[in-house]
Amino acid sequence: MQDEQIVAGLHCGEVLADLSEHLDGRLSLDRAERIDEHLAGCAECRRLLDEVTAAVRVVRQLPEEPLPPEVEELLIESLHD
Amino acid sequence: MIADDARVSDETLIGRIAAGDPSAFDRLVRRHQAAVYRFARAAAPVDGDAVEILRETFLAARRAASRHRDETSARPWLLSLARQTIDRRHPGSRETDLTSLRELARAAGWQSGEDGAVDESGPAVEAAFAALPPEDREILTLCDREYLTVDEAARVTGLPDAAVRTRLHRARLRLLARLKEGAGAG
Ligand SMILES: [Zn+2]
């Protein structure tokens, strides 16, 4: 078990809290730069960001199952009652 | 089958539905039924409920058409009606997540010093997604599959923006933990 550390003035826990926001580009420029600095010096946080990024990518690529045809017919019929 | 004309906006269709035009209603249904169904399957706490949620959602949409106020897509509005339908059918089923962010991150391998592979194969991702709690599937569906903004997802779920953001972050960490678990077991 590695210890959490302070890199670029940020504790790993703070970086963890902001990771999704960072990934989605929703942090202020200042904040994003500080997080990037921490990431550059902290392999554990960098790895977590890479992995979360991969998880988001794969969920975005889940196939969009179409509505089963029998459900579609049932739906339209029942809405016309 | 009525061919959909994307040039007719949702807003126009909803206006016609409010005026009692049944063909406009059919078009709105066909345009959004797959997304509402996907959301219902993801967010409902029990399996097998999605078709009824879908039906009730569109019935609610027809009733509420005259009260709809929106300049853009009807998608978030329809999904919020689906959310209300789920709440009505399963009152009190929404859970409050008390797991700390650190616990979730550690379950996903953070600070473990180990490189666990993320299983990115289609079936593994589908299984990992299906095994998540409905709250996680809901927020991932809204934000990462339907690409709703945080604002829109907040409107759908009735949660404050900040809660949407933390919920999304937690859901992503839990999904990651599942994907790595799957890779380890396989
Ligand atoms: Zn760190």
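Arg60(A) and Asp144(B) form a salt bridge, with their closest N and O atoms 3.1 Å apart; the term denotes a side-chain nitrogen of Lys or Arg within 4 Å of a carboxyl oxygen of Asp or Glu. The model is predicted, and local features need pLDDT of at least 70, side-chain atom pairs count only at pLDDT 80 or more, and totals for chains, interfaces and linings use all residues. Residues are numbered from 1 along each chain as its sequence is written, chains are lettered from A in the order in which they are written, and side-chain values use heavy atoms, with hydrogens and water left out.

Between chain A and chain B, 11 salt bridges are counted. Across the interface of chain A and chain B, 20 residue pairs are in polar contact, both residues being at pLDDT 80 or more. A polar contact is a pair of N or O atoms within 3.5 Å; within protein, one must be able to donate a hydrogen and the other to accept it, and residues adjacent in sequence count only if both atoms are side-chain atoms. On the side of chain A that touches chain B, helix 1 (12–23), helix 3 (43–60) and helix 4 (69–79) of chain A each supply at least two residues. Helix 3 of chain A gives the most to this side, with 13 residues. Helices (H or I, at least four residues) and strands (E, at least two) are DSSP runs, numbered from the N terminus. By class, the side of chain A that touches chain B has 23 nonpolar, six polar and 13 charged residues. Here Ala, Val, Leu, Ile, Met, Phe, Trp, Tyr, Cys and Pro count as nonpolar, Asp, Glu, Lys and Arg as charged, and the others, Gly among them, as polar.

The contact (heavy atoms within 4.5 Å) takes 42 residues from chain A and 47 residues from chain B. The area buried between the two chains is about 4100 Å², of which carbon and sulfur atoms give 59%. Buried area is the accessible area (1.4 Å probe) that two parts lose on being put together, summed over both.

Over all chains, the whole structure has 30 salt bridges. One of them joins the side chains of Arg31(A) and Asp18(A) at 2.7 Å, N to O. This pair links distant parts of the chain, with Arg31(A) in helix 2 (residues 29–41) of chain A and Asp18(A) in helix 1 of chain A, 13 residues apart. Arg31(A) is partly exposed at 23% relative accessible area, whereas Asp18(A) is buried at 15%; buried means under 20%, exposed over 50%, and partly exposed in between (1.4 Å probe, protein chains only).

A salt bridge at 3.5 Å, N to O, also joins the side chains of Arg47(A) and Glu51(A). Both residues lie in helix 3 of chain A, four residues apart, about one turn of the helix. An α-helix has 3.6 residues a turn, so residues three or four places apart point the same way. Arg47(A) is buried, with a relative accessible area of 12%, and Glu51(A) is buried, with 7%.

In chain B, the side chains of Arg31(B) and Asp10(B) meet in a salt bridge of 2.8 Å, N to O. Arg31(B) belongs to helix 2 of chain B and Asp10(B) to helix 1 (residues 10–18) of chain B, 21 residues apart.
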